Amino acid sequence: MKTILLATDRKFWRQEQGSAKRISDLYEYLVKKKFDVFVFFIGRLTDAEIDLIKMTYEGEFKVFNKKSGFLSIDCHSSGIKNFLVRSRNLIRNKLKLLKRVLITRDLVKQQKRQRQLANTDFFSQFHQDYFRNVCQNLKPDAIIIEYIRLAYLVQGLDKFEARPLTLIDTHDVGHQRYQIFQANGESEIKITAEEEKEILSIFDVIIAIQNQDKETFQQMLPEHRVIQVGYPCEPKKHEFKDKLPINITYIAGPNASNKRAIAHFLRKVWLKLIAKFKHKIKLHIVGRICEELTDV
């Protein structure tokens, strides 16, 4: 059985945004394919997070965490899992008022983190040393790094006698993302095309989530292997139904960019649609973005 070490700082078991759901689906896919998957998690792994992991997955969830050490979490079976997920959702609804109180504090922490990332201050010798120690003992066949900000973890692994295959799941073209966010006055990891190229060059395989990203990475590093791994779903073509009302659906997670997007749509587009179609058109807003729309 091949061993894979998946490194991330996202609490992907929450599945609260598309990127987290992507990592979660990747984890479940690898487990289903009988790989021996270990998670290297950078962050605080509380009892509440462990309980959520138990609710979300089945079997054994194996995770390395610097503060908690190695944990083998025995997850629940699907029947119990479904019951606990329903209970979790009930608890989440009751905690919404408390979340409102904490949102200002969380926003300050997020802005602080963004400033750190913008100054490239996301390198941690503390975690790099621990990661190397884990690799020396686990001897994984492959390592998957989630996001370019954790690329530093694999630096120096080429000195190992049996060097594992290294892959980076990019999620975005970093320098293009930075340019877009900067143009809209938002904070993001500051990175140039040359810096991104240098970082990606240390990996054996670069994973892109869509065709345009794949082409960009291939142009940046023509000698490297770039693969496209999209979301695990097949597009389905539905027959057009000429019926009323016209339904528009907006699905999004809870972040500032998504909030601004739907707010702009409501001000600039929706009013015109209502004026034209009146009661014949409906807008559905779905996802945790709803938690952020109290003042829109």
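How many nonpolar, polar and charged residues does the lining of the second largest pocket have by class?

## Basis of the model

This is a predicted model, in which local features need pLDDT of at least 70 and side-chain atom pairs count only at pLDDT 80 or more, whereas totals for chains, interfaces and linings use all residues. Residues are numbered from 1 along each chain as its sequence is written, and side-chain values use heavy atoms, with hydrogens and water left out.

## The second largest pocket

The lining has 13 nonpolar, two polar and five charged residues, where Ala, Val, Leu, Ile, Met, Phe, Trp, Tyr, Cys and Pro count as nonpolar, Asp, Glu, Lys and Arg as charged, and the others, Gly among them, as polar. A pocket here is an open set of points on a 1 Å grid over the protein atoms alone where a 1.4 Å probe fits, with protein on both sides within 12 Å along at least five of seven lines, and lining residues have an atom within 4 Å of a point.

The volume of this pocket, taken as the space filled by probe spheres set on the points, is about 450 Å³. Of its 20 lining residues, Leu26, Tyr29, Leu30, Ile144 and Ile207 are the closest to the centre. Helix α1 gives the most to the lining, with five residues.

## The nonpolar cores

A nonpolar core is a set of buried (under 20% relative accessible area, 1.4 Å probe, protein chains only) Ala, Val, Leu, Ile, Met, Phe, Trp, Tyr and Cys residues joined through side-chain atoms within 4.5 Å. Among the 31 residues of the largest such core, Leu5, Phe40, Phe131, Ile145 and Leu153 touch the most other members, and α5 gives the most to this core, with four residues. A second, separate core of 27 residues includes Met55, Phe61, Tyr147 and Val205.

Technical notes
Helices (H or I, at least four residues) and strands (E, at least two) are DSSP runs, numbered from the N terminus. Buried means under 20% relative accessible area, exposed over 50%, partly exposed in between (1.4 Å probe, protein chains only).
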